[in-house]
Every structure is written in structure tokens, then in C-alpha cells.
Amino acid sequence: MNTVADPVTEIRLAAGADLAAVRAFDEFKGSRETEIRNGTCWLAWRDGVVVGYASYEPSGLLGQPLLTFLCVRKDCRRQGIALRLVEAVVAAARGRVLVSSTEDWCTASQGIFAKLGWRPIGRIEGVNKDGSAELFYSTPLAG
Ligand SMILES: CC(C)(COP(=O)(O)OP(=O)(O)OC[C@H]1O[C@@H](n2cnc3c(N)ncnc32)[C@H](O)[C@@H]1OP(=O)(O)O)[C@@H](O)C(=O)NCCC(=O)NCCS
């Protein structure tokens, strides 16, 4: 048989020992140590390797949970991994809504929110260092 199986992606809650694996591809400033310690960071694994993560703050915006960081290893992009990670955060977060935001130029994040049916809830003009607007989105939670 000449078929190649699709790679299996597992989504799991991060543990302390996973910090170095996240650092290896993380494109964001700072460290995800706090999120991992607090049990608010989800990892995507493929063949025993961490290829993506999503994290949230339980009361990050107006008392509601806030999706804070989302990053997938470059060579694993456009395969639905970010969608799976965001879905894991939606399932784990507690509150009325899960909120997130992104720059007005970040078509990748906007595409993810659109694909998952998140609602655009507002924008703050010129708030970012580069002068771009920040767009806000939310999705309802089970409670
Ligand atoms: C943004 C990011 C997390 C997306 O991860 P991913 O696993 O490739 O995303 P998915 O495969 O789940 O994409 C789902 C949908 O989002 C949209 N999307 C994802 N990446 C996109 C891109 N580069 N440009 C435009 N739309 C994009 C598409 O609608 C895509 O569906 P499609 O592939 O069927 O067209 C990844 O590119 C990344 O880590 N970027 C660097 C960090 C970053 O920008 N994080 C976002 C916060 S600002």
C-alpha cells in the first residue's frame, strides 16, 4: 500500500516538564511557565513532539476567561492544529464567554475566529505599538 496515514495529533494539558519543548518553537515574548504551572496551557503533540500550544487566563478580561497565546510550529501549520487547540481551551475555560483579541492585520487569527464561529465584539483603534487596531472576539461557554 502506498498511502501515508495522516499524522495523529493529540491535545493534552501541559505539565512543568513540557516548558522546554514549548520554548523551542514559541514565537511570543516571555515564558509560558506561569500558564503551564496554572494548568491553563494546552499542547498539541505529534509523534511524541510538541507542535503547538494555546493558553488562557481564567479571568483575563472583565472577569471572563481570555485566550492569550496561540502558536503552532512552522512546519505543522495549516493542518487544523490551532483550531483543535482553541477548541480545547473552549472546553476547559469556565465563565459566560471566552474572549480573545488580535491585531487588525493578523488574518491568521481572524481566520481562526471566523472558522470557529466566534463573534466580533469590538475594536480599539490605534492601541498597538505599530498603530494598528486591536479586534476583539468572543464565544459562549457552557458555564
Ligand atoms: C496563527 C497560527 C497559530 C495558526 O495555526 P495553524 O495550526 O496553522 O492554524 P489552522 O491550520 O488551525 O488554521 C485554521 C484556519 O485559520 C485560518 N488561517 C490559519 N493560518 C492562516 C494564515 N497564515 N493566513 C490566513 N488564514 C490563516 C484559515 O482560515 C485556516 O483554515 P484553512 O487552512 O482551511 O484555510 C500559526 O500560524 C502561528 O503559530 N503563527 C505565529 C503566532 C501567531 O501569529 N499566533 C496568533 C496570535 S496573534
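Helix H3 covers residues 81-92 of this predicted model. At 1.5 Å a residue, its twelve residues should span 16 Å, and the C-alpha atoms at its ends are 17 Å apart, which agrees. Five residues of H3 are named as buried here: Ile81, Ala82, Leu85, Val86 and Val89. They cover an arc of only 135 degrees around the axis, so they sit on the same side of H3. What do the buried residues of H3 pack against? Their partners are the strands S1 (9-13), S2 (41-46), S3 (49-61), S4 (64-72) and S5 (97-103), together with helix H4 (107-115).

S2 and S3 are paired in the antiparallel sense, over six bridges. Within this pairing, leucine 43 stands opposite tyrosine 53 in S3. The hairpin of S2 and S3 has two residues between the strands, and aspartate 47 takes a positive phi near 50 degrees there. S3 is also joined to S4, again in the antiparallel sense, by seven bridges. Here glycine 52 has valine 72 in S4 as its bridge partner. The hairpin of S3 and S4 likewise has two residues between the strands, and leucine 62 has a positive phi near 50 degrees in it.

Most residues other than glycine have a negative phi. Leucine 62 has a positive phi of about 50 degrees although it is not a glycine, and its place is in the loop between S3 and S4. Is leucine 62 buried or exposed? Leucine 62 counts as exposed because it has 10 C-beta neighbours inside 10 Å, and a residue is exposed with 12 or fewer. Arginine 78 is another non-glycine residue with a positive phi, in this case about 60 degrees. Arginine 78 is found in the loop between S4 and H3. With 8 C-beta neighbours inside 10 Å, arginine 78 therefore counts as exposed too.

The next topic is the ligand. Which residues come nearest to the ligand? Of the 19 residues around it, the nearest are Arg77, Ile81, Ala82, Ala108 and Gly111. Ile81 and Ala82 are also among the buried residues of H3. S4, H3 and H4 each supply at least two residues of the shell around the ligand. H4 gives the most, with six residues. By class, the shell is made up of nine nonpolar, six polar and four charged residues.

Arginine 46 brings the account back to strand S2, in which it lies. Arginine 46 has 16 other C-beta atoms within 10 Å, so it is partly exposed. Which residues does arginine 46 touch, leaving aside those up to four places away in sequence? The contacts are Pro7, Val8, Thr9, Val51 and Cys76. Tryptophan 105 lies 59 residues from arginine 46 along the chain, and the C-alpha atoms of the two are separated by 30 Å.

How values were computed. Residues are numbered from 1 along each chain as its sequence is written. This is a predicted model: local features need pLDDT of at least 70, side-chain atom pairs count only at pLDDT 80 or more; totals for chains, interfaces and linings use all residues. Helices (H or I, at least four residues) and strands (E, at least two) are DSSP runs, numbered from the N terminus. The expected span of a helix is 1.5 Å times one less than its number of residues. A residue is buried if 20 or more other C-beta atoms lie within 10 Å of its own, exposed if 12 or fewer, and partly exposed in between; C-beta atoms are placed from the backbone. The arc is that of the directions from the helix axis to the C-beta atoms. Two residues are in contact if their C-beta atoms, placed from the backbone, lie within 7 Å. Two strands pair if DSSP finds at least two bridges between them. A residue is near a molecule or strand if its C-beta atom, placed from the backbone, lies within 6 Å of it. Ala, Val, Leu, Ile, Met, Phe, Trp, Tyr, Cys and Pro count as nonpolar, Asp, Glu, Lys and Arg as charged, and the others, Gly among them, as polar.
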